[in-house]
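Trainee: Could you take me through this model by question and answer, with the cut-offs spelled out as we go?

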Amino acid sequence: MNEKQLIPTYIGKNKGLKFIVPEELFSLNLDQEQKIDRETARKFSRYLKGTFKGFQLARKTKYGNEYNSKIDVPEGFWESFQEKARSMGVDLISFTPVEEDFIFHNLKVFGRNAIILGMEMKWNEIKKAPSIETEIECFRVYQELGDLTIELTEFLKDKGYKSEAHHPFGGKLLIPPLVVSSGLGIIGRMGMVITPEFGPRQRWSLITTDARLPNPAPKDLKGMEEYCLTCGSCIKNCKGGAILEEPIERIKGSGIKTRIDRSKCIKSILNYNYCSVCLKICPQGHPKKKV
Ligand code: SF4
Ligand code: SF4
């Protein structure tokens, strides 16, 4: 019998969108000046290793899709899928078609639609930024969200839908504009997605799939946008001076904008326990804060 070929749904064409995970981040360590006990060090090491392992595993989820061709879903399928995802620890979930412009150049994506998954980074740890506790929380969420994204992807593949996992530490697509398309949040002036539930305090992952998606219920996010326009606190308080007043185009003609000076931000991340001060600063992410 001939082996069936694995055919990608899309191959990224946007030359202005290159996939780069800064290598420096793979050598992250805890700041030894801040004393930590052995148990905390072990926890950090577990989350860090789990994140990098999950990042590699997600890349392999495309395999096993060779005979997956289902598109239609039975009644109630997405309701029980969302229930399952929430029981595993997903806090936010929505759906949107994949937009080809947001696929990193030359990368192959399997599945025409995207399921967006978000997981909260807890305020009690984020409010201590920059600190070891905050850094550990960031990697806890990378690891846990990454692992469950892979598990949910395997579930869809087992049901016969061509699907691929995209890890929160780095996938094949630019996630923020897809989250905005799905209606879960807006792009804040810090360049990250902010949501009514957690402000900027969540990580995002994706599952691309051929399964036919439901239409998400729209949310009214106008108030958040207006608040953001008059706030500017993240720009004033960014620890690395990395947040720009006005967005700039990443590469001329790409149509992809950025609000962060990446090299300044990475320097701050490496020098100050993953920094994350912007996550603490944003008033829209403070618990119970009504805006
Ligand atoms: S992580 Fe630090 S340097 Fe980077 S944008 Fe946030 S506050 Fe600024
Ligand atoms: S800190 Fe203020 S300006 Fe920055 S993203 Fe949050 S609400 Fe918007």
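The questions below go from the conventions to the chain, then to its backbone and a ligand.

Mentor: This is a predicted model, in which local features need pLDDT of at least 70 and side-chain atom pairs count only at pLDDT 80 or more, while totals for chains, interfaces and linings use all residues. Residues are numbered from 1 along each chain as its sequence is written, and chains are lettered from A and ligands numbered from 1 in the order in which they are written.

Trainee: Is asparagine 273 buried or exposed?

Mentor: Asparagine 273 has a positive phi near 45°, whereas most residues other than glycine have a negative phi. A residue is buried if 20 or more other C-beta atoms, placed from the backbone, lie within 10 Å of its own, exposed if 12 or fewer, and partly exposed in between. Asparagine 273 has 23 such neighbours, so its class is buried.

Trainee: Which residue does a cis peptide bond join to alanine 129?

Mentor: Most peptide bonds are trans. Here omega is about -5°, and the residue joined to alanine 129 is proline 130.

Trainee: Which helix supplies the largest share of the shell around ligand 2?

Mentor: The shell consists of 14 residues, where a residue is near a molecule if its C-beta atom, placed from the backbone, lies within 6 Å of it. Helices (DSSP runs of H or I, at least four residues, numbered from the N terminus) that each supply at least two shell residues are H6 (222-231) and H7 (233-237). The largest share, 3 residues, comes from H6.
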